[in-house]
Amino acid sequence: MHVIITGASGHLGRAILDSFLQAGHRVAAIDRHEAPAERDGLHWLRCADLSNPSEVEPALASAKAWLGDIDALVLVAGAFAWAELAESSPELWQKMFAANVLTTVVPVRASLPLLKDGAAIVAIGAASAQPAGAGMAAYAAAKSAVARLIEATAEEMRPRGIRANIVLPRIIDTPQNRRDMPDADPADWTSPDAIAAVVQFLAGPQSRAINGAGIPVTNASKD
């Protein structure tokens with residue numbers, strides 16, 4: 001497959017990137033960070049702001065030129081913030097919207113003319129968005145918007161055979177989460193590699209019967 005991944009430099013993004021490369025797929029990664037070490041089958045494109053169409057559109061065009069046909073678009077970029085409603089500022093809500101919703105809608109919208117018919121779109125949502133717990137209002141609202149975006153995209157792209165699905169992790173077992181929650185027991189968290197395996201499945205033809213779905217990826221899993 002020929003795959004575009006946005007936000008490939010984080011812990012989950014790297015796991016997803018590794019999953020595709022190890023399976024022999026070609027990947028164009030679009031991220032705000034500088035390229036890591038060169039790897040066979042990887043083309044790294046720096047994009048400082050994935051919510052800005054004027055930056056995203058040229059990056060996608062370059063990815064298309066390198067890949068040729070595009071079989072899948074995987075959207076990993078996002079951000080998290082915890083704040084109870086009384087302390088959540090309008091600036092925090094705007095930040096969560098920009099970092100989660102716009103970094104999804106802008107690449108999706110720009111990629112639609114570039115994706116081949118029958119391609120797949122896979123986004124990263126959040127199981128914690130429904131229901132939302134204390135301190136999760138801004139983040140959950142943003143991730144809920146991403147889920148609705150994917151559902152609408154699935155319906156609108158149905159005539160072209162383009163599928164759109166979203167995976168819904170709860171707590172991902174990353175070094176950052178372990179630092180942020182030192183008193184929590186990570187035994188019930190989900191590994192990035194396990195989530196990456198589901199993402200790769202949804203991007204491929206084996207999942208051709210799945211469209212417009214939110215897939216929980218919350219089972220405890222260690223690699």
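Two strands are taken to pair if DSSP finds at least two bridges between them, and the elements shown here are DSSP runs numbered from the N terminus: helices (H or I, at least four residues) and strands (E, at least two). Welcome to a predicted model, in which local features need pLDDT of at least 70, side-chain atom pairs count only at pLDDT 80 or more, and totals for chains, interfaces and linings use all residues. Residues are numbered from 1 along each chain as its sequence is written, and side-chain values use heavy atoms, with hydrogens and water left out.

**View 1. An open sheet of seven parallel strands.** The strand order is β3-β2-β1-β4-β5-β6-β7. At the edges sit β3 (42-46) and β7 (214-217), each pairing on one side only. On average, neighbouring strands are turned by 20 degrees against each other, direction ignored.

**View 2. The β6-β7 pair and helix α6.** Strand β6 (residues 163-169) runs parallel to β7, joined by four bridges. Look for L168, which stands opposite P216 in β7. Helix α6 (residues 192-203) packs on the sheet and touches β4 (72-75), β5 (120-124), β6 and β7 (contact: heavy atoms within 4.5 Å). The direction of α6 makes about 170 degrees with that of β6 (axes are lines fitted to C-alpha atoms, for helices over the stretch in contact; angles run from 0 to 180 degrees between N-to-C directions).

**View 3. T103 in helix α3.** Helix α3 spans residues 90-111. T103 counts as buried because its relative accessibility is 9% (buried: under 20% relative accessible area, 1.4 Å probe, protein chains only). Leaving aside residues up to four places away in sequence, T103 touches L50, S51, L75, A77 and A98. A polar atom of the T103 side chain lies 3.4 Å from the backbone oxygen of N100.

Note on methods
Buried < 20%, exposed > 50% of the residue type's maximum accessible area, 1.4 Å probe, protein only. Polar contact = N/O pair within 3.5 Å; in protein donor to acceptor, adjacent residues only side chain to side chain.
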